[in-house]
Amino acid sequence: MAANKVPTEIERQKIFGIAETEMEYRVEFFNKLTHTCFDKCVEKKYKEPELYMGENTCIDRCVSKYQQITNIIGTILANGGRSM
C-alpha cells in the first residue's frame, strides 16, 4: 500500500482483524504466563501480604523462560516445523 493511498474498507477490516487476533494472542499469553508462574512460584498458604524474595526470583525466572520457550516455538512454527 503506497504512503498516500487510503486503505479500502476491505483492507481496513483485514488490518483490524489482524490487530484483534494479535491482541487476543497477547491476552491469552499473559493469562497463561500469569497462571503458570503463579502456580509454580507462590506458596498456597499466604503468610504475608507481599511476595518474599524467593517467590520474586522464581517469578522472574519463570517469566523469562516462558518467553524464551514461546519465542523458540514461534520460530519453529514460522520455519514450517523445522528446528532452528
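A disulfide here is a pair of cysteine sulfur atoms within 2.5 Å.

1. Ground rules. This is a predicted model, in which local features need pLDDT of at least 70 and side-chain atom pairs count only at pLDDT 80 or more, while totals for chains, interfaces and linings use all residues. Residues are numbered from 1 along each chain as its sequence is written, and side-chain values use heavy atoms, with hydrogens and water left out.

2. The helix pair. Two packed helices are described by the angle between their axes and the distance between the axes. Here helix α1 covers residues 9–41 and helix α2 covers residues 53–78; their axes come within 9 Å and cross at roughly 140 degrees. That makes α1 oblique to α2. Helices are DSSP runs (H or I, at least four residues), numbered from the N terminus. The axes are lines fitted to C-alpha atoms over the stretch in contact, and angles run from 0 to 180 degrees between N-to-C directions. For the angle classes, under 35 degrees is roughly parallel, over 145 roughly antiparallel, 65 to 115 roughly perpendicular, and the rest oblique.

3. Handedness of the crossing. α1 and α2 cross in a right-handed way. A crossing is right-handed if the near helix is turned clockwise from the far one by less than a right angle, and left-handed if anticlockwise.

4. The contact surface. Contact means heavy atoms within 4.5 Å. On the α1 side, the residues that meet α2 include Tyr 25, Phe 29, Leu 33, Cys 37 and Cys 41; among their counterparts in α2 are Glu 55, Cys 58, Cys 62, Val 63 and Tyr 66. By class, the contact of α1 with α2 has ten nonpolar, three polar and three charged residues. In this scheme Ala, Val, Leu, Ile, Met, Phe, Trp, Tyr, Cys and Pro count as nonpolar, Asp, Glu, Lys and Arg as charged, and the others, Gly among them, as polar.

5. First link. The structure holds two disulfides. One of them joins Cys 37 to Cys 62, with 2.0 Å from S to S, and at -85 degrees about the S-S bond this link is left-handed. Cys 37 lies in helix α1 and Cys 62 in helix α2, so the pair ties together parts that are 25 residues apart in sequence. Cys 37 is buried at a relative accessible area of 3%, and Cys 62 is buried at 9%. Buried means under 20% relative accessible area, exposed over 50%, and partly exposed in between (1.4 Å probe, protein chains only).

6. Second link. The sulfur atoms of Cys 41 and Cys 58 are 2.1 Å apart and form a disulfide; with -65 degrees about the S-S bond, this link is left-handed. It connects distant parts of the chain, Cys 41 being in helix α1 and Cys 58 in helix α2, 17 residues apart. Cys 41 is buried, with a relative accessible area of 7%, whereas Cys 58 is partly exposed at 22%. Counting bonded cysteines along the chain, the disulfide pattern is 1-4, 2-3.

7. Two residues to look at. Leu 33, in helix α1, is buried with a relative accessible area of 9%. Not counting residues up to four places away in sequence, Leu 33 touches Val 63 and Tyr 66. Glu 55 sits in helix α2 and is buried, at a relative accessible area of 6%. Leaving aside neighbours within four places in sequence, Glu 55 is in contact with Cys 41, Val 42, Glu 43 and Glu 50.

Conventions:
Helices (H or I, at least four residues) and strands (E, at least two) are DSSP runs, numbered from the N terminus.
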